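Please keep the sequence and the model in view while reading.

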Amino acid sequence: MTSIAWGILAPGNIASTFATALAGSAGGHLEAVAGRDHGRAQAFAEQHGARRAHASVDALCADTAVQAIYVASPHPYHHAMATAALNAGKAVLVEKPICMDQAQCAELVALARQQGCFLMEAMWTRFLPIMERMRAWIAAGHIGEPRLLQASFGFRCGGDPEHRLLNKALGGGALLDVGVYPLALALDVFQAEAELVSAAAHLGASGVDEQTAICLRFPGGGLAVLDCAVRTTTEHRAVIYGTEGRIDIPAPFWRGTQIRCLAADGSERDSLDQEHAVNGYEYQIQAVHAALAAGQGEEPRCSHADSLALLGLCDQIRAQIGLTY
(Lines give C-alpha, C1' and ligand atoms only; values in the text may rest on other atoms or scores of the structure.)
Protein backbone atom coordinates (compact mmCIF):
# COMPACT_ATOMS: atom_id res chain seq x y z
CA MET A 1 0.00 0.00 0.00
CA THR A 2 1.33 3.45 -0.93
CA SER A 3 2.04 5.70 2.04
CA ILE A 4 0.53 9.19 1.82
CA ALA A 5 3.24 11.81 2.36
CA TRP A 6 1.89 14.50 4.69
CA GLY A 7 3.05 18.03 5.30
CA ILE A 8 2.00 20.11 8.30
CA LEU A 9 1.58 23.88 8.26
CA ALA A 10 2.01 25.57 11.67
CA PRO A 11 3.74 23.22 14.14
CA GLY A 12 1.82 23.94 17.35
CA ASN A 13 0.07 21.82 19.97
CA ILE A 14 -2.76 20.56 17.80
CA ALA A 15 -0.27 19.74 15.04
CA SER A 16 1.64 17.63 17.55
CA THR A 17 -1.54 15.71 18.38
CA PHE A 18 -2.12 15.12 14.68
CA ALA A 19 1.47 14.01 14.07
CA THR A 20 1.27 11.53 16.96
CA ALA A 21 -1.91 10.02 15.51
CA LEU A 22 -0.39 9.92 12.02
CA ALA A 23 2.58 7.96 13.34
CA GLY A 24 0.14 5.42 14.75
CA SER A 25 -1.96 5.15 11.60
CA ALA A 26 -1.42 2.93 8.58
CA GLY A 27 -1.14 4.42 5.12
CA GLY A 28 0.66 7.68 5.79
CA HIS A 29 3.78 9.35 7.15
CA LEU A 30 4.99 12.83 8.01
CA GLU A 31 7.15 14.05 5.15
CA ALA A 32 7.66 17.71 5.99
CA VAL A 33 6.60 20.58 8.24
CA ALA A 34 6.67 24.35 7.83
CA GLY A 35 6.40 27.30 10.17
CA ARG A 36 7.33 30.97 10.32
CA ASP A 37 9.89 30.10 13.01
CA HIS A 38 12.22 27.75 11.13
CA GLY A 39 13.93 26.65 14.33
CA ARG A 40 10.63 25.63 15.84
CA ALA A 41 9.71 23.80 12.64
CA GLN A 42 13.02 21.93 12.71
CA ALA A 43 12.49 20.93 16.34
CA PHE A 44 8.99 19.70 15.51
CA ALA A 45 10.36 17.71 12.55
CA GLU A 46 12.95 16.05 14.76
CA GLN A 47 10.40 15.24 17.46
CA HIS A 48 7.90 13.68 15.05
CA GLY A 49 10.20 12.13 12.47
CA ALA A 50 9.51 14.48 9.55
CA ARG A 51 12.11 14.32 6.81
CA ARG A 52 12.29 18.06 6.19
CA ALA A 53 11.43 21.41 7.78
CA HIS A 54 10.57 24.41 5.64
CA ALA A 55 10.54 28.08 6.59
CA SER A 56 7.42 29.14 4.67
CA VAL A 57 4.02 28.10 3.41
CA ASP A 58 5.17 28.43 -0.17
CA ALA A 59 8.17 26.16 0.41
CA LEU A 60 6.00 23.38 1.82
CA CYS A 61 3.46 23.74 -0.97
CA ALA A 62 6.29 23.53 -3.53
CA ASP A 63 7.65 20.32 -1.97
CA THR A 64 6.90 17.77 -4.69
CA ALA A 65 7.16 14.84 -2.26
CA VAL A 66 4.25 16.13 -0.18
CA GLN A 67 0.81 14.84 -1.25
CA ALA A 68 -1.44 16.07 1.53
CA ILE A 69 -1.24 19.09 3.83
CA TYR A 70 -2.73 19.55 7.29
CA VAL A 71 -3.36 23.22 8.12
CA ALA A 72 -3.03 23.63 11.89
CA SER A 73 -2.71 27.41 12.23
CA PRO A 74 -5.07 29.74 14.13
CA HIS A 75 -8.41 30.20 12.33
CA PRO A 76 -7.71 33.50 10.53
CA TYR A 77 -4.87 31.92 8.55
CA HIS A 78 -6.78 28.84 7.38
CA HIS A 79 -8.18 30.35 4.19
CA ALA A 80 -4.87 31.69 2.84
CA MET A 81 -2.89 28.57 3.75
CA ALA A 82 -5.49 26.17 2.33
CA THR A 83 -5.72 28.27 -0.83
CA ALA A 84 -1.96 28.03 -1.33
CA ALA A 85 -2.03 24.26 -0.77
CA LEU A 86 -4.94 23.70 -3.16
CA ASN A 87 -3.31 25.86 -5.82
CA ALA A 88 -0.27 23.61 -5.48
CA GLY A 89 -2.46 20.57 -6.19
CA LYS A 90 -2.30 19.10 -2.68
CA ALA A 91 -5.01 17.27 -0.78
CA VAL A 92 -5.92 19.51 2.16
CA LEU A 93 -7.18 18.85 5.68
CA VAL A 94 -7.93 22.11 7.52
CA GLU A 95 -8.29 22.43 11.27
CA LYS A 96 -11.76 23.48 12.43
CA PRO A 97 -13.36 25.82 11.78
CA ILE A 98 -12.23 25.44 8.20
CA CYS A 99 -12.48 29.24 7.69
CA MET A 100 -13.66 32.32 9.54
CA ASP A 101 -17.00 32.47 7.73
CA GLN A 102 -19.18 30.71 5.19
CA ALA A 103 -18.08 32.91 2.28
CA GLN A 104 -14.44 31.94 2.76
CA CYS A 105 -15.44 28.29 3.01
CA ALA A 106 -17.39 28.51 -0.25
CA GLU A 107 -14.29 29.92 -1.95
CA LEU A 108 -12.18 26.99 -0.75
CA VAL A 109 -14.79 24.44 -1.84
CA ALA A 110 -14.98 26.01 -5.30
CA LEU A 111 -11.19 26.04 -5.62
CA ALA A 112 -10.86 22.42 -4.47
CA ARG A 113 -13.38 21.30 -7.08
CA GLN A 114 -11.71 23.40 -9.76
CA GLN A 115 -8.31 21.91 -8.91
CA GLY A 116 -9.67 18.38 -8.53
CA CYS A 117 -8.22 18.22 -5.00
CA PHE A 118 -9.49 16.62 -1.81
CA LEU A 119 -10.61 19.13 0.85
CA MET A 120 -11.97 18.43 4.33
CA GLU A 121 -12.48 20.24 7.61
CA ALA A 122 -10.73 18.43 10.45
CA MET A 123 -13.91 17.75 12.45
CA TRP A 124 -12.27 14.66 13.90
CA THR A 125 -15.08 13.97 16.38
CA ARG A 126 -17.33 12.85 13.51
CA PHE A 127 -15.08 9.85 12.91
CA LEU A 128 -14.90 8.55 16.47
CA PRO A 129 -16.35 5.04 17.00
CA ILE A 130 -18.92 6.43 19.44
CA MET A 131 -20.22 8.81 16.78
CA GLU A 132 -20.43 6.03 14.22
CA ARG A 133 -22.47 4.07 16.76
CA MET A 134 -24.68 7.08 17.53
CA ARG A 135 -25.58 7.49 13.86
CA ALA A 136 -26.30 3.77 13.55
CA TRP A 137 -28.64 3.80 16.57
CA ILE A 138 -30.53 6.84 15.29
CA ALA A 139 -30.84 5.37 11.78
CA ALA A 140 -32.13 2.09 13.23
CA GLY A 141 -34.80 3.93 15.23
CA HIS A 142 -33.46 2.84 18.63
CA ILE A 143 -34.55 6.10 20.27
CA GLY A 144 -37.40 6.84 17.88
CA GLU A 145 -37.32 10.32 16.40
CA PRO A 146 -34.61 12.61 17.85
CA ARG A 147 -36.39 15.54 19.55
CA LEU A 148 -33.90 17.30 21.80
CA LEU A 149 -30.11 17.55 22.00
CA GLN A 150 -28.31 19.04 24.97
CA ALA A 151 -24.55 19.52 24.63
CA SER A 152 -21.97 21.65 26.41
CA PHE A 153 -18.26 22.40 25.96
CA GLY A 154 -16.74 25.00 28.25
CA PHE A 155 -13.50 25.48 30.16
CA ARG A 156 -11.76 28.32 31.96
CA CYS A 157 -8.60 29.55 30.28
CA GLY A 158 -6.24 32.14 31.73
CA GLY A 159 -7.05 35.81 31.39
CA ASP A 160 -4.20 36.89 29.10
CA PRO A 161 -5.87 38.94 26.32
CA GLU A 162 -2.98 38.15 23.99
CA HIS A 163 -3.57 34.42 24.27
CA ARG A 164 -5.04 32.79 21.16
CA LEU A 165 -8.32 32.02 22.94
CA LEU A 166 -9.00 35.66 23.85
CA ASN A 167 -7.18 37.47 21.06
CA LYS A 168 -9.57 38.86 18.45
CA ALA A 169 -6.83 39.07 15.83
CA LEU A 170 -6.30 35.31 16.19
CA GLY A 171 -9.98 34.42 15.92
CA GLY A 172 -10.38 33.96 19.66
CA GLY A 173 -13.59 33.25 21.53
CA ALA A 174 -15.71 30.29 22.54
CA LEU A 175 -17.87 29.94 19.43
CA LEU A 176 -15.16 29.30 16.87
CA ASP A 177 -12.83 27.43 19.20
CA VAL A 178 -15.15 24.97 20.97
CA GLY A 179 -18.69 25.95 19.99
CA VAL A 180 -18.21 24.23 16.66
CA TYR A 181 -18.23 20.86 18.47
CA PRO A 182 -21.81 20.98 19.81
CA LEU A 183 -22.98 22.76 16.66
CA ALA A 184 -21.51 20.03 14.44
CA LEU A 185 -23.09 17.40 16.68
CA ALA A 186 -26.51 19.05 16.28
CA LEU A 187 -26.20 19.03 12.50
CA ASP A 188 -25.16 15.37 12.64
CA VAL A 189 -28.06 14.35 14.89
CA PHE A 190 -30.84 16.15 13.01
CA GLN A 191 -29.35 15.77 9.49
CA ALA A 192 -30.73 19.13 8.40
CA GLU A 193 -29.97 22.82 8.56
CA ALA A 194 -31.53 24.74 11.43
CA GLU A 195 -34.59 26.79 10.52
CA LEU A 196 -34.39 29.00 13.62
CA VAL A 197 -31.26 30.18 15.44
CA SER A 198 -31.24 32.07 18.73
CA ALA A 199 -28.09 32.98 20.65
CA ALA A 200 -26.88 35.12 23.54
CA ALA A 201 -23.35 35.69 24.74
CA HIS A 202 -21.05 37.55 27.08
CA LEU A 203 -18.30 39.39 25.22
CA GLY A 204 -15.24 39.96 27.37
CA ALA A 205 -12.85 42.90 27.55
CA SER A 206 -10.95 41.72 24.48
CA GLY A 207 -14.15 41.69 22.41
CA VAL A 208 -14.53 37.95 21.93
CA ASP A 209 -17.32 35.75 23.26
CA GLU A 210 -16.23 34.25 26.57
CA GLN A 211 -19.43 32.21 26.81
CA THR A 212 -22.28 31.66 24.38
CA ALA A 213 -25.67 29.94 24.71
CA ILE A 214 -27.43 28.71 21.58
CA CYS A 215 -30.87 27.29 20.79
CA LEU A 216 -31.58 25.77 17.39
CA ARG A 217 -34.86 24.54 15.92
CA PHE A 218 -34.79 22.06 13.06
CA PRO A 219 -37.49 21.08 10.52
CA GLY A 220 -40.04 18.89 12.27
CA GLY A 221 -39.51 20.63 15.60
CA GLY A 222 -36.26 19.06 16.82
CA LEU A 223 -34.38 21.32 19.22
CA ALA A 224 -30.74 21.69 20.22
CA VAL A 225 -29.77 23.52 23.41
CA LEU A 226 -26.05 24.17 23.35
CA ASP A 227 -23.42 26.18 25.16
CA CYS A 228 -19.72 26.88 24.87
CA ALA A 229 -17.21 28.86 26.92
CA VAL A 230 -13.54 29.70 27.30
CA ARG A 231 -13.84 31.40 30.72
CA THR A 232 -16.40 29.07 32.35
CA THR A 233 -15.97 25.36 33.03
CA THR A 234 -18.99 23.25 32.08
CA GLU A 235 -19.80 19.57 31.92
CA HIS A 236 -18.72 18.27 28.51
CA ARG A 237 -21.66 15.93 28.19
CA ALA A 238 -24.19 15.36 25.41
CA VAL A 239 -27.65 13.79 25.60
CA ILE A 240 -29.97 13.07 22.66
CA TYR A 241 -33.60 12.58 23.68
CA GLY A 242 -35.89 10.76 21.29
CA THR A 243 -39.53 9.76 21.27
CA GLU A 244 -38.64 6.23 22.44
CA GLY A 245 -35.42 6.63 24.40
CA ARG A 246 -32.19 8.55 24.65
CA ILE A 247 -28.48 8.41 23.88
CA ASP A 248 -26.01 9.45 26.59
CA ILE A 249 -22.49 10.51 25.69
CA PRO A 250 -20.54 11.04 28.93
CA ALA A 251 -17.99 13.80 29.26
CA PRO A 252 -16.03 14.60 27.24
CA PHE A 253 -18.44 13.93 24.36
CA TRP A 254 -16.14 15.57 21.80
CA ARG A 255 -13.38 12.98 22.30
CA GLY A 256 -15.43 10.33 24.01
CA THR A 257 -14.84 6.62 24.30
CA GLN A 258 -18.20 5.68 25.84
CA ILE A 259 -21.81 5.92 24.68
CA ARG A 260 -25.09 4.38 25.89
CA CYS A 261 -28.47 3.88 24.26
CA LEU A 262 -31.36 3.76 26.73
CA ALA A 263 -35.00 2.81 26.25
CA ALA A 264 -37.80 5.13 27.41
CA ASP A 265 -37.97 3.28 30.76
CA GLY A 266 -34.26 3.88 31.37
CA SER A 267 -33.12 0.34 30.67
CA GLU A 268 -29.96 -0.02 28.60
CA ARG A 269 -30.49 -1.18 25.02
CA ASP A 270 -26.86 -1.05 23.88
CA SER A 271 -23.55 0.54 24.72
CA LEU A 272 -20.00 0.98 23.49
CA ASP A 273 -16.84 1.45 25.53
CA GLN A 274 -13.82 1.64 23.25
CA GLU A 275 -10.54 3.35 24.06
CA HIS A 276 -8.76 5.15 21.24
CA ALA A 277 -5.87 3.34 19.59
CA VAL A 278 -3.82 6.57 19.78
CA ASN A 279 -5.56 9.83 20.71
CA GLY A 280 -8.75 9.88 18.60
CA TYR A 281 -7.32 11.73 15.60
CA GLU A 282 -6.37 8.45 13.97
CA TYR A 283 -9.93 7.72 12.77
CA GLN A 284 -10.05 10.97 10.83
CA ILE A 285 -6.65 10.30 9.30
CA GLN A 286 -7.68 6.82 8.23
CA ALA A 287 -10.82 8.27 6.63
CA VAL A 288 -8.73 10.74 4.63
CA HIS A 289 -6.39 7.98 3.48
CA ALA A 290 -9.35 5.87 2.35
CA ALA A 291 -10.91 8.82 0.51
CA LEU A 292 -7.65 9.59 -1.27
CA ALA A 293 -7.22 5.95 -2.25
CA ALA A 294 -10.75 6.00 -3.70
CA GLY A 295 -10.10 9.24 -5.59
CA GLN A 296 -12.76 11.16 -3.68
CA GLY A 297 -12.79 14.94 -3.42
CA GLU A 298 -14.57 14.92 -0.06
CA GLU A 299 -15.54 12.56 2.76
CA PRO A 300 -19.30 12.11 3.28
CA ARG A 301 -19.09 12.09 7.09
CA CYS A 302 -17.63 15.60 6.97
CA SER A 303 -18.62 16.88 3.56
CA HIS A 304 -18.23 20.30 1.99
CA ALA A 305 -21.94 20.86 2.61
CA ASP A 306 -21.43 20.04 6.30
CA SER A 307 -18.68 22.65 6.63
CA LEU A 308 -20.73 25.26 4.79
CA ALA A 309 -23.74 24.56 7.04
CA LEU A 310 -21.63 24.79 10.19
CA LEU A 311 -20.13 28.15 9.25
CA GLY A 312 -23.53 29.38 8.13
CA LEU A 313 -24.72 28.75 11.69
CA CYS A 314 -21.65 30.46 13.13
CA ASP A 315 -22.27 33.50 10.90
CA GLN A 316 -25.85 33.79 12.16
CA ILE A 317 -24.80 33.38 15.79
CA ARG A 318 -22.03 35.96 15.45
CA ALA A 319 -24.49 38.46 13.96
CA GLN A 320 -26.87 37.95 16.88
CA ILE A 321 -24.25 38.29 19.62
CA GLY A 322 -22.35 41.16 17.97
CA LEU A 323 -19.11 39.25 17.43
CA THR A 324 -16.99 40.66 14.60
CA TYR A 325 -13.44 39.99 13.49
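Which residues are linked in a network of salt bridges? The network consists of Arg126, Glu132, Arg135, Asp188, Glu299, Arg301 and Asp306.

## Basis of the report

The structure is a predicted model, in which local features need pLDDT of at least 70 and side-chain atom pairs count only at pLDDT 80 or more, while totals for chains, interfaces and linings use all residues. Residues are numbered from 1 along each chain as its sequence is written, and side-chain values use heavy atoms, with hydrogens and water left out.

## Salt bridges

Side chains of opposite charge can pair when their charged atoms come close. A salt bridge is defined here as a side-chain nitrogen of Lys or Arg within 4 Å of a carboxyl oxygen of Asp or Glu. The whole structure holds 18 salt bridges. One of them joins Arg135 to Asp188, with 2.6 Å between the closest N and O atoms. This pair links distant parts of the chain, since Arg135 belongs to helix H6 and Asp188 to helix H7, 53 residues apart. Helices (H or I, at least four residues) and strands (E, at least two) are DSSP runs, numbered from the N terminus. Arg135 and Asp188 are both buried, a term that means under 20% relative accessible area, with exposed meaning over 50% and partly exposed in between (1.4 Å probe, protein chains only).

Helix H7 also contains Asp177, which pairs with Arg164 in the loop between strand S7 (146-154) and H7; the closest N and O atoms of this salt bridge are 2.6 Å apart. Arg164 counts as partly exposed because its relative accessibility is 34%, whereas Asp177, at 14%, counts as buried. A further salt bridge, at 3.6 Å from N to O, is made by Arg260 and Asp248. Arg260 lies in strand S13 (residues 258-263) and Asp248 in strand S12 (residues 245-249), so parts 12 residues apart in sequence are tied together. Arg260 is partly exposed at 36%, and Asp248 is buried at 6%.

## Helix packing

Two packed helices are described by the angle between their axes and the distance between the axes. Helix H6 (residues 129-139) packs against helix H7 (residues 174-190) at about 30 degrees, and their axes are 10 Å apart. The axes are lines fitted to C-alpha atoms over the stretch in contact, with angles running from 0 to 180 degrees between N-to-C directions. On the H6 side, Met131, Met134, Arg135 and Ile138 take part, meeting Leu185, Asp188 and Val189 of H7; contact means heavy atoms within 4.5 Å.

## The nonpolar core

A nonpolar core is a set of buried Ala, Val, Leu, Ile, Met, Phe, Trp, Tyr and Cys residues joined through side-chain atoms within 4.5 Å. The largest one has 110 residues, of which Trp6, Met134, Leu183, Leu216 and Phe253 touch the most other members. Helix H7 gives the most to this core, with 13 residues. The core lies between domain 1 (4-123) and domain 2 (129-275), because both give residues to it. The domain bounds come from an automatic or database domain assignment.

## Backbone features

Most residues other than glycine have a negative phi, and most peptide bonds are trans. A cis peptide bond joins Lys96 to Pro97, with omega about -15 degrees. Another cis bond runs from Ala251 to Pro252, where omega is near -5 degrees.

Ala10 has a positive phi, near 80 degrees, and is buried at 17% relative accessibility. Gln191 has a positive phi near 50 degrees and is exposed at 60%.
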